[in-house]
Amino acid sequence: MRELILLRHAHAEPAANGQADLDRPLSAEGLAEAEAAGRWLAQNKLVPDCVLCSPSRRTRETLEAVLGAIGYVEQRIEPSVYEATPGTLIALADTHADVERLMLVGHNPGLERLAALLHSGQSGDYRGMPPAGIAVLSLVPGVALEPGSAQLSAFWWP
């Protein structure tokens, strides 16, 4: 089975006057959440083979804290993850179908809608991915991602 791990960024500071959304850093609480997420991934032997991360500061800082617990893995900043729709995220994941365990580090509502869509076939108004939340989806190898094509094998939040 292939796996797709979805990691929402941890709590971030509110934007300061004139600060771009992309530049918002993690809060102290968020840093602790991200470190806990990394420990959970390591304890559950869910180290990704490749990570695609949004270019926002809060997602990059979340990934850095996770890597502190799981060690170095192949990673790439992927601009299309920022403000992505589930369709954009599916297309991106499909381009990495050869990766056995792919992790996307991004934002809501895209990640929570993607998890719901792949698992249940519907995204609707699903709201269930808290900051630093992790959804692990099991995928059938060689099968393109489409609604209802994945099994939710684990869900964790700090």
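Me: Where is the place of Arg-24?
Reply: The model is predicted, so local features need pLDDT of at least 70 and side-chain atom pairs count only at pLDDT 80 or more, while totals for chains, interfaces and linings use all residues. Residues are numbered from 1 along each chain as its sequence is written, and side-chain values use heavy atoms, without hydrogens and water. Helices (H or I, at least four residues) and strands (E, at least two) are DSSP runs, numbered from the N terminus. Arg-24 belongs to the loop between β1 (2-8) and α1 (28-43).

Me: Is Arg-24 buried or exposed?
Reply: Buried means under 20% relative accessible area, exposed over 50%, and partly exposed in between (1.4 Å probe, protein chains only). The relative accessible area of Arg-24 is 17%, so this residue is buried.

Me: Which backbone oxygen does the side chain of Arg-24 reach?
Reply: A polar contact is a pair of N or O atoms within 3.5 Å; within protein, one must be able to donate a hydrogen and the other to accept it, and residues adjacent in sequence count only if both atoms are side-chain atoms. The side chains of Arg-24 and Asp-21 are joined by such a contact of 3.1 Å. At 2.7 Å, the side chain of Arg-24 also reaches a backbone oxygen, that of Glu-13.

Me: How far apart are the C-alpha atoms of Leu-26 and Thr-88?
Reply: Leu-26 is in the loop between β1 and α1, and counts as buried at 11% relative accessibility. Its contacts (heavy atoms within 4.5 Å), not counting residues up to four places away in sequence, include Ala-10, Leu-31, Ala-34 and Thr-62. Thr-88 is 62 residues away from Leu-26 along the chain, and their C-alpha atoms are separated by 25 Å.

Me: How many disulfides does a search of the whole structure find?
Reply: A disulfide is a covalent bond between the sulfur atoms of two cysteines, and is counted here when the two sulfur atoms are within 2.5 Å. The sulfur of Cys-50 has its closest cysteine sulfur in Cys-53, at 11 Å, which is too far for a bond. Cys-50 is buried at 5% relative accessibility, and Cys-53 at 0%. The number of disulfides found in the whole structure is zero.

Me: How many residues of α4 are buried?
Reply: The buried residues of α4 include Gly-110, Leu-114 and Leu-118. Among the elements that cover them are β1, α3, β4, β5 and β6. Of the 11 residues in α4, the number buried is eight.

Me: What angle does the direction of α4 make with that of β1?
Reply: Axes are lines fitted to C-alpha atoms, for helices over the stretch in contact, and angles run from 0 to 180 degrees between N-to-C directions. α4 packs on the sheet and touches β1, β4, β5 and β6. Its direction and that of β1 make an angle of about 150 degrees.

Me: Which strands stand at the edges of the sheet?
Reply: Strands pair if DSSP finds at least two bridges between them. The open sheet has six strands in the order β3-β2-β4-β1-β5-β6, with mixed pairing. Two strands have a single partner each, so one side of each is left without a neighbour in the sheet: β3 (74-77) and β6 (150-156).

Me: Which residue in β4 is the bridge partner of Leu-4?
Reply: β1 is joined to β5 by six bridges in the antiparallel sense, and to β4 by six bridges in the parallel sense. Leu-4 points one way from β1 together with Arg-2, Leu-6 and Arg-8, while Glu-3, Ile-5 and Leu-7 point the other way. Glu-3 stands opposite Ser-138 in β5. In β4, Leu-4 has as its bridge partner Leu-102.
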